[in-house]
Amino acid sequence: MDLSLQATQLLDRLGADVSFVDDGDLECRSPIDGSLLGLLRSHSAAEVGDAVRRAHEAFEQWRVVPAPVRGQLVRELGELLREHKEDLGALVSIEAGKVVSEGLGEVQEMIDICDFAVGLSRQLHGVTMTTERPGHRMMEQWHPLGVVAVISAFNFPVAVWSWNAALALVCGDAVVWKPSEKTLLTALACHTLLTRAAERVGAPDGLFALALGTREVGQALVDDPRVPLVSATGSTRMGKEVSPRVAARLGRSLLELGGNNAAIVAPSADLDLAVRGIAFSAVGTAGQRCTSLRRVIVHESVKDELLSQLTAAYEQLPVGSPLEDSTLVGPLIDETALAAFLAAIGQAQDDGGTLLTGGQQDDEASKATGGGCYVRPAIVDMPEQSEIVRSETFAPLLYVLTYTDFDEALRLHNDVTQGLSSSIFTLDVREAETFLSVVGSDCGIANVNIGRAGAEIGGAFGGEKDTGGGRESGSDAWKNYMRRTTNTVNYSTELPLAQGVEFI
């Protein structure tokens with residue numbers, strides 16, 4: 001079926017009234033075959049500013065609504081997502097190139113965060129603290145923050161927005177979303193569903209908005225003093241531009257940036273488990289996840305067996321249209337990603353690496369789909385951790401490094417600038433506990449005996465170093481979207497001062 005027609009039908013079923021324009025500057029394309037789905041127009045800086053103004057006005061109404069009542073908006077969104085899961089998941093596959101199960105999984109992640117946020121709407125708690133002054137009570141409260149700007153990336157076109165929007169809305173904030181210019185249709189569909197949810201509960205107009213465009217639109221949000229929090233997901237380069245601009249006006253940044261994630265495979269590892277975990281982590285979403293596995297650090301005693309099994313698994317991976325149920329590896333997002341993949345493999349070989357499997361464009365898959373950038377996932381055995389290994393390539397490219405003792409494995413693991421996610425495959429409890437300890441993995445996420453890609457919404461998501469230090473989704477990530485106040489109440493007839501100070 002024509003992908004443009006299929007996308008239009010999905011949008012119709014989702015209730016999204018998308019008006020394509022002949023002179024639009026934003027191309028909506030499918031990475032499946034490179035076909036044009038339609039043209040949209042960028043918003044101007046003035047239009048972005050007006051959306052922020054309306055969002056701030058709506059925030060002033062929304063912040064005084066009781067949090068459990070705010071939670072009803074997110075509950076309605078979750079119900080609509082359940083109702084339209086198949087259609088929205090299919091649209092994610094068409095626009096982002098994710099295989100069917102991953103497209104559906106992304107929508108399920110949205111549903112999960114809605115459930116989490118609804119429960120959270122009755123748990124936005126502060127604490128009461130002991131005070132040295134008699135007849136006094138000291139406590140802290142959390143209050144709504146304001147307008148939250150969400151800048152999201154193509155690889156998770158809807159889930160990351162929902163992480164931010166669901167929490168921000170129950171926390172009493174307004175949301176202005178700049179989606180990736182590569183995945184605009186899924187954003188329009190989500191905006192439509194949230195609009196319907198808002199109508200059901202009577203939420204104020206302007207509480208959430210879309211800002212469509214490229215760099216200029218993002219800059220307008222980043223620089224607006226009426227936006228106290230900018231949540232940005234993307235490359236480390238992008239984060240290093242966003243952070244100082246927001247800081248210059250003393251705003252807050254919540255950054256989810258690059259990853260160069262590794263798995264250590266120890267001598268005691270269950271290799272069957274490791275192979276399955278590594279394969280999905282490295283090639284899921286065609287290696288285009290910030291949590292994708294980029295490096296395997298394997299003990300010399302099990303290296304040959306691991307690589308034999310892993311190479312055999314790679315060579316059986318079905319590459320092709322993500323709309324086919326049998327496909328496990330879909331396309332790269334565009335030709336720029338393809339060029340980066342091929343260039344990285346060439347550099348790795350120049351650095352002494354041995355290409356074990358894959359590493360070339362899959363012409364058969366491209367021909368079968370009528371276009372698109374398809375590649376065979378690659379494994380490169382490296383003699384050392386060179387500069388190209390320390391760099392993140394957003395593609396299914398896995399480097400293999402060898403170690404002899406555990407300290408060396410940890411050194412290799414941490415010897416990159418990124419610090420997002422990590423794992424170890426071992427049955428040795430000492431190795432496992434050391435990996436999770438302060439002297440082990442320096443990443444924000446560290447796991448034992450599971451693959452690196454994929455995360456549940458109950459835990460805080462994010463990483464350290466060049467990953468940006470942000471935390472989203474579960475745990476106490478909700479505090480990012482609120483402001484803290486410390487309160488002291490004197491219910492006595494005296495006026496003692498802290499630290500024993502006397503003043504008459």
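**Entry 1: the sheet**

In what order do the strands of the open sheet stand? I read off β7-β6-β5-β8-β9, 5 strands with parallel pairing. I note that the model is predicted: local features need pLDDT of at least 70, side-chain atom pairs count only at pLDDT 80 or more, and totals for chains, interfaces and linings use all residues. Residues are numbered from 1 along each chain as its sequence is written, and side-chain values use heavy atoms, with hydrogens and water left out.

My terms come next. Strands (E, at least two residues) and helices (H or I, at least four) are DSSP runs, numbered from the N terminus. Two strands pair if DSSP finds at least two bridges between them.

I then checked one pair. β6 (residues 174–178) and β7 run parallel and are joined by 3 bridges. V175 stands opposite F208 in β7.

**Entry 2: helices on the sheet**

Which strands does helix α8 touch? I found β5 (147–151), β6 and β8 (229–233) in contact with α8 (residues 215–223). Contact means heavy atoms within 4.5 Å. The direction of α8 makes about 150 degrees with that of β6. Axes are lines fitted to C-alpha atoms, for helices over the stretch in contact, and angles run from 0 to 180 degrees between N-to-C directions.

Helix α9 (residues 236–248) lies across β8 and β9. I noted about 170 degrees between α9 and β9.

**Entry 3: the cavity**

A cavity is a set of points, on a 1 Å grid over the protein atoms alone, where a 1.4 Å probe fits but cannot get out; lining residues have an atom within 4 Å of a point. Grid points are joined across faces, edges and corners, and a volume is the space filled by probe spheres set on the points.

I found 1 cavity of 30 Å³ or more. The largest cavity holds about 50 Å³ of space. Its lining is W161, V175, W177, H191, L194, F208, A209 and L210. The elements giving two or more residues to this lining are β6, α7 (184–201) and β7. β7 gives the most, with 3 residues. V175 and F208, which stand opposite each other, are both in the lining.

Technical notes
On a 1 Å grid over the protein atoms alone, a cavity is a set of points where a 1.4 Å probe fits but cannot get out, and a pocket is an open set with protein on both sides within 12 Å along at least five of seven lines; lining residues have an atom within 4 Å of a point.
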